[in-house]
Amino acid sequence: GDATTVGGVLNLGASVTSGMTTTYSVDPSSSATCTVDNHGNVAATNAGTCVITVTQSGNNKWKSTTSQRSVHVTQTSQTISVTSQTPTSVVVGDTYTPSATSTSKLAVAVSVSGSCTMSSGVITFNGVGTCTISYDQAGNNKYLAASTLTETVSVGQLSQVITVSAPSTVTVGDTLTLDATSSAGASYPVAATLDATSTGCSLTS
């Protein structure tokens with residue numbers, strides 16, 4: 001039988017042996033599936049079966065005649081595109097707001113797994129490892145579900161800087177207390193050790 005996809009237009013090309021003009025109408029059972037014009041062009045609006053009635057009313061020579069044609073209407077495929085700039089690598093604590101569109105213009109759902117969480121549309125990278133971002137569109141009566149689009153982001157550790165406050169020169173017998181801090185904050189104490197090449201000094205905790 002005849003077939004098309006949602007959004008497609010199919011011409012039935014019906015004719016009668018009398019050569020007289022035919023008229024076209026959509027069967028009431030198909031009103032949500034398609035429309036048809038006076039030239040037999042069927043426009044598919046939703047998935048399903050479209051039934052078209054073709055009529056020739058006849059005249060004083062020809063009897064009237066009616067026939068029906070069925071058109072199978074299937075959903076249209078769709079694809080997803082990411083419209084935001086996905087980071088290739090991030091560090092713990094960074095955030096990213098993803099966005100994507102589909103060819104159907106339907107909303108795209110975003111979900112995450114791995115070293116990240118998502119809240120109110122914002123992804124937070126909260127652990128070292130890999131964050132997987134998935135984009136989905138489930139479709140409807142016009143569009144098939146889109147293939148899932150997946151991206152991965154590598155999440156690395158934060159860099160830190162140690163600052164030491166100490167005199168550059170001392171005399172024999174002097175003692176000094178090293179004041180060392182990390183840019184990571186007080187929760188990350190700095191440990192001091194003597195280099196193996198050191199002479200003339202000792203270190204106590």
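1. Lys105 is exposed, having a relative accessible area of 76%, where exposed means over 50%, buried under 20% and partly exposed in between, with a 1.4 Å probe and protein chains only. Lys105 sits in the loop that joins β11 (100–102) to β12 (109–114), and its phi is near 70°, a positive value in a residue other than glycine. Strands here are DSSP runs (E, at least two residues), numbered from the N terminus.

2. This is a predicted model, in which local features need pLDDT of at least 70 and side-chain atom pairs count only at pLDDT 80 or more, while totals for chains, interfaces and linings use all residues. Residues are numbered from 1 along each chain as its sequence is written, and side-chain values use heavy atoms, with hydrogens and water left out.

3. Ser120, in the loop between β13 (116–119) and β14 (122–125), likewise has a positive phi for a residue other than glycine, near 55°; at 77% relative accessibility Ser120 counts as exposed.

4. An open sheet of four strands runs in the order β9-β16-β15-β12, with mixed pairing, two strands being paired if DSSP finds at least two bridges between them. Because β9 (89–91) and β12 are at the edges, each with a single partner strand, one side of each is left without a neighbour in the sheet.

5. The pairing of β9 with β16 (residues 149–156) is parallel and extends over three bridges, and Gly156 in β16 is the bridge partner of Val91.

6. Val164 is found in strand β17 (residues 162–165) and, at 49% relative accessibility, counts as partly exposed.
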